[in-house]
Amino acid sequence: EVKANEPVTFVIFGATGDLTRRKLLPALYTLFRERALPEQFTIIGFARREYDNEEFCELMGAALREHSRLPADDASLKEFCSHLLYHRGDLSDPAAFQSLNDRFTNDSTLPANRLLYLSISSDMVDQTVHFAHNAGLITPANQTPWTRVIIEKPFGRDLETAKALNQNLLAYLAESQIYRIDHYLGKETVQNILSFRFANTIFEPVFNRTYVDHIQITAAETVGMESGRGAFYDRTGALRDMVANHLFQLLCLVTMEPPDGLNAAAIRAEKMKILHALQPAASMQNRPGGVFGQYAKGDDINAFREEDRVSPDSQTETFVALRMEINNWRWAGVPIYLRTGKRMSKKTTEIAVQFRIPAMQLFQHVACEGDVCDLTGVKPNTLIFRIQPDEGIFLQVSAKRPSMQLVVESVDMDFSYSGKWDKELPEAYERLLLDALRGDPTLFTRSDEVESEWQVIDAIWKATEGQKPVDYAPGSWGPTDADQLIAPFSWRNEQ
Ligand code: BG6
């Protein structure tokens, strides 16, 4: 099993926030329980509230009891807590950074390698790194003790702000010290996309415009505004929150050329080529290339505009559907549909690659319930990467239905993680934090990758200028306009 060996102090800025309680601490705790953390490690929570170590430990213990993947028992919590410290400080106060640095200078038991995790609002990132640098908290690149900085998304809000942020950070850090996190890359099922495509012979030759009809990528969520997220989300919206990072990464992995190795540089280089070639599809037959939606009021469910700290006349999209295209030899002319939304019918993230129908129709296709069958028209082959839940890969093919007639029916060839392995899948943050501790940047996003992502988002805003979000019912699949966007195909709902 892989483990991190070098002693480290893990400093979390924004330690009392939701992400720390729900994801970061549970991931660190699981790594600790699995003996993947170094022997010597300390976690320092940096935040404004008045806690001492003991109170912080209690707060985190409660969070672990609620959110940890492994059941958190008293004995291991106590041991884990002996590695936790709290540092009270205000992000806008340089003295708080100075006193944190004094701790490193004065306490010889504190591991001197440091991983700084910025779980803070993106407009504070620049200043926080600046203050940390001035206080002496950031050691020079390529030296020990080392410093690495993990930055949460969104990284800027458009190309201009992302460029400025990248440039400003380079005044204090080398690119090799910056780990921009996109937690989708830490998901086991996402990493499997490349393995599945390039460790097999039979799929790769048909992944191109000759055989693929279109691709659909859906990330649907049933949740609305989780507590405390209203203000952030109202500023951000679905396009920036999900498409600019998670959905683009899925798109890159399913369409990129084979890398010439599995190292960070080779994989990122191929992803970059896709991002350069990616653009909103030209409007076809006066249909827009994008649909924006906002969830309306439902039974016992607030409309987005009624959510805590959301403006009552907000025009922020909580749903977006897009038609994109990749202008390269392999994919030219193949529509790529993306959609994501809050308060949708079902929590599901999947990529469906739909192949063309065979050139000649020899067979009648039927769908049957028991012995009752109806003609359906041809069902194309579809390859589905189910990212979550019910993780797996499914291939829909046509097979002769056993009977005295010669008709075919659509059947599934399934690989499901739970059917093959009884081990629970690791959480994305476990993998990513371990990689950052070991200094492996492969699953993190490089500065030019982030800038290219924003460049495409800017082009989408331009192509959809003036469009306002339309209402959709909570619990639905989004606005019906999204069905027109994908016509003559249809979204894979309810499957
Ligand atoms: C986060 C977004 O990056 O991803 C959230 O900010 C979203 O709005 C979350 O809910 C979805 O992640 P997952 O892993 O549940 O698909």
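The second largest pocket of this predicted model is lined by 24 residues. Glu1, Glu34, Glu188, Lys423 and Pro426 lie nearest its centre. Its volume is about 620 Å³. A ligand and a set of cavities complete the picture below.

**Second largest pocket**
- Helix α11 (428-438) gives the most to the lining of this pocket, with six residues.
- Helix α7 (188-198) also supplies at least two residues of the lining.
- Charged residues number 14 in this lining. Eight nonpolar and two polar residues make up the rest.

**Ligand site**
- The residues around the ligand are Lys153, His183, Tyr184, Lys187, Glu221, Arg229, Asp241, Met242, His246, Lys342, Lys347 and Gln388.
- By class, this shell holds seven charged, three polar and two nonpolar residues.
- Helix α8 (residues 230-255) provides the largest share of the shell, three residues.
- Tyr184 places a polar side-chain atom 2.6 Å from an oxygen atom of the ligand.
- For Lys342, a polar side-chain atom lies 2.7 Å from a ligand oxygen atom.
- Lys347 likewise has a polar side-chain atom 2.7 Å from an oxygen atom of the ligand.
- On its own, the ligand has 400 Å² of accessible area, and the protein covers 82% of it.

**Cavities**
- The model has four cavities of 30 Å³ or more.
- The largest cavity has a volume of about 120 Å³.
- Its lining consists of 14 residues. Nearest the centre of this cavity are Lys153, Phe155, Asn245, Val450 and Glu453.
- Helix α12 (447-463) gives the most to the lining of the largest cavity, with three residues.
- Helix α8 supplies at least two residues of that lining, and this helix also contributes to the ligand shell.
- Seven nonpolar, five charged and two polar residues line the largest cavity.

**Overall fold**
- The protein chain contains 13 helices and 18 strands.
- Its radius of gyration is 24 Å, close to the 23 Å that the globule rule gives for 495 residues, so the chain is as compact as a globular protein of that length.
- The C-alpha trace spans about 80 × 50 × 45 Å along its principal axes.

Methods: Residues numbered from 1 in each chain as written. Predicted model: local features only at pLDDT ≥ 70, side-chain atom pairs only at ≥ 80, totals over all residues. Heavy atoms only, no water. Near = heavy atom within 4 Å. Polar contact = N/O pair within 3.5 Å; in protein donor to acceptor, adjacent residues only side chain to side chain. Areas by Shrake-Rupley, 256 points an atom, 1.4 Å probe, with all protein chains shown as cover. Helix = DSSP H or I, 4+ residues; strand = E, 2+ residues; numbered from the N terminus. Nonpolar A, V, L, I, M, F, W, Y, C, P; charged D, E, K, R; others polar. 1 Å grid on protein atoms, 1.4 Å probe; cavity = no way out; pocket = protein on both sides within 12 Å on 5 of 7 lines; lining within 4 Å. Points joined across faces, edges and corners; volume = space filled by probe spheres on them. Rg over C-alpha atoms; globule rule 2.2 N^0.38 Å.
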